[in-house]
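Keep the coordinates open as you read.

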Amino acid sequence: MAKFPKDFLWGGATAANQYEGAYSEDGKGLSTADVMTNGSHTEARKITWKNPKTGETGYVPMAFGQAMTFPEGAEPAVLDGYYYPSHTATDFYHHYQEDIKLMSEMGFKCFRLSINWARIFPNGDDAEPNEKGLAFYEKVFQECRKYGIEPLVTLSHYETPLNLSVKYNGWTSRKLIDFFVNYAKTVMQRYKGLVKYYLTFNEINMMSLSPYMAAGILTDDAQSKAQGAHNQFVASALTVKAAREIDPEIKVGQMLAYGPVYALTADPKDQLKALKENDATLFYSDVQTGGRYPDWILKKYEAEGIELEDKDSDYELLAQYPADFLSFSCYSSSVTTTHEVKDTTGGNLSLGVKNPYLKTNDWGWTIDPDVLRIALNQLWDRYHKPLWVVENGIGVKDQISEDGKIHDPERISYLQQCIASMHDAINLDGVDLMGYEMWGCIDLVSASTGEMRKRYGFVYVDRDDKGEGSLKRIPKDSFYWYKKVIASDGEDL
Ligand code: BGP
């Protein structure tokens, strides 16, 4: 069997708000993630709020298809009596040396992590950056370099400084473009020579399901989402432009959530529905990676009365500075139909139609390793830009066995098949794939549910859903398996 390329960037991925903890240490400001309490696999996470004038408090659901409507005068706020998983998470902030060492033991070539914007600019619109925040990530990147690990840095992973959310309604405001680009320039300058790969917005298309999580937007209507996406596209293009000026070695990628939609039947109406649903996701990469708005979305905006606050120069920027590469997360596929069906199943933050050919995990996500090859082919054919799988994996309720070890055969088997899928995309289909970052490589908090028991890692972290536990790190069986995979360039699965 042909191997993976020698320079293939094997590794794992994390996000600041799900992993770091230390939410108010060393001058960090509050982020939108810090006011999100937990949910469960059947119940949405909640955003807690307070009305500063009346003192009234409450919460609104974060997603799972439920509308998010804040009462008049309500502002997201940290309240007593709620548990906020991001506040402590699995404490990478104080365990980074130990964790990066574990990654190096597995042979990681790359580590995807995010910078928490509110550590660098606590209010988002501050004139000067917070030196302690900058210094923290500098130490982290130096630690990576010590082991020859290439950092891949997401600039905004499901968090925005809370002040920008409250004061400007998040990314609905064009002011956010300037604040973000200033932040991006600050870190790209500071980490010049230490960081080569950046991603602008995690899963930018999640705007359509949760504008709050994706963009700190407190209103849940089509106009807000369209404007939020437009502003993030322009900010991404300006980040690419700034990177060219700061250091031509830097590559800035897009990050998309892409698990293709299948049609349930051969009924052409089902086929068309699936095509349009995939297009609705690929709209985000058509703009950010392809460099232009597709015609259908302009028709849609016109029909729905959506008017973008834009400038002609925005479209020139989008065409001139598209993303250098397209990275994506891929966990599962979903199914659509025009016919009436009874069985529904879970998906990332939403519910869909059950696929009769696939099993699901405990959270209802389909287990579909083939989807990776399908997605890679579609994206490669559409854009012909280098691709990068920056999230993939399976949430499992891992337990410590009586022998003190964590046996996770389900994870190993799933990942074996996913890696085989990528292998075929490279070697049989000719896809240019830069690397593979397994999601949540060291256990961390789940984004959709806020749970700890939904674990993805090669390394177990002793912490539970109430936030209790020693935080001890224990390698799972998959840790030793992945080490062998990397050492053999993906040949020994
Ligand atoms: C993606 C997010 C991650 C991550 C992952 C797994 O959507 O980018 O932040 O958490 O999904 O999802 P979950 O944690 O909900 O299982």
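Two residues count as in contact if their C-beta atoms, placed from the backbone, lie within 7 Å. The model is predicted. Arg-411, Ile-412 and Ile-419 supply the α13 side of their contact. Asp-477, Ser-478, Trp-481 and Val-485 supply the α14 side. Sorted by class, these residues are four nonpolar, one polar and two charged.

Now the geometry of the pair. Two packed helices are described by the angle between their axes and the distance between the axes. Helix α13 covers residues 409-427, and helix α14 covers residues 477-487. Their axes lie 10 Å apart and meet at an angle of about 25°. Angles under 35 degrees count as roughly parallel, so α13 is roughly parallel to α14. The crossing of α13 past α14 is right-handed.

Helix α13 has another partner, α12. Helix α12 runs over residues 370-383. It packs on α13 at about 30°, with the axes 7 Å apart. That angle makes α12 roughly parallel to α13. Here too, the crossing is right-handed. From α12 come Asp-370, Leu-372, Arg-373, Leu-376 and Asn-377. They meet Cys-418, Ser-421, Met-422, Asp-424 and Ala-425 of α13. The class count for this contact is five nonpolar, two polar and three charged residues.

Turn next to helices α6 and α8. Helix α6 spans residues 175-190, and helix α8 spans residues 222-246. The angle between them is about 30°, and their axes are 9 Å apart. That makes α6 roughly parallel to α8. α6 passes α8 in a right-handed crossing. On the α6 side, the contact uses Leu-176, Ile-177, Phe-180, Val-181, Ala-184, Lys-185, Met-188 and Gln-189. On the α8 side stand Asn-231, Val-234, Ala-235, Leu-238, Thr-239, Ala-242, Ala-243 and Ile-246. By class, 12 of these residues are nonpolar, three are polar and one is charged.

What surrounds the ligand? The shell holds 16 residues. Ala-15, Gly-395, Ser-446, Ala-447 and Ser-448 come nearest to the ligand. By class, the shell divides into five nonpolar, eight polar and three charged residues.

Finally, step back to the whole chain. How many helices and strands does the protein chain have? There are 14 helices and 18 strands. The C-alpha trace spans about 55 × 55 × 50 Å along its principal axes. A compact globule of 493 residues would have a radius of gyration near 23 Å. The protein chain has 21 Å, which agrees with that expectation.

Conventions
Residues are numbered from 1 along each chain as its sequence is written. This is a predicted model: local features need pLDDT of at least 70, side-chain atom pairs count only at pLDDT 80 or more; totals for chains, interfaces and linings use all residues. Axes are lines fitted to C-alpha atoms, for helices over the stretch in contact, and angles run from 0 to 180 degrees between N-to-C directions. Helices (H or I, at least four residues) and strands (E, at least two) are DSSP runs, numbered from the N terminus. Angles under 35 degrees count as roughly parallel, over 145 as roughly antiparallel, 65 to 115 as roughly perpendicular and the rest as oblique. A crossing is left-handed if the near helix is turned anticlockwise from the far one by less than a right angle, and right-handed if clockwise. Ala, Val, Leu, Ile, Met, Phe, Trp, Tyr, Cys and Pro count as nonpolar, Asp, Glu, Lys and Arg as charged, and the others, Gly among them, as polar. A residue is near a molecule or strand if its C-beta atom, placed from the backbone, lies within 6 Å of it. The radius of gyration is taken over C-alpha atoms; the globule rule is 2.2 Å times the number of residues to the power 0.38.
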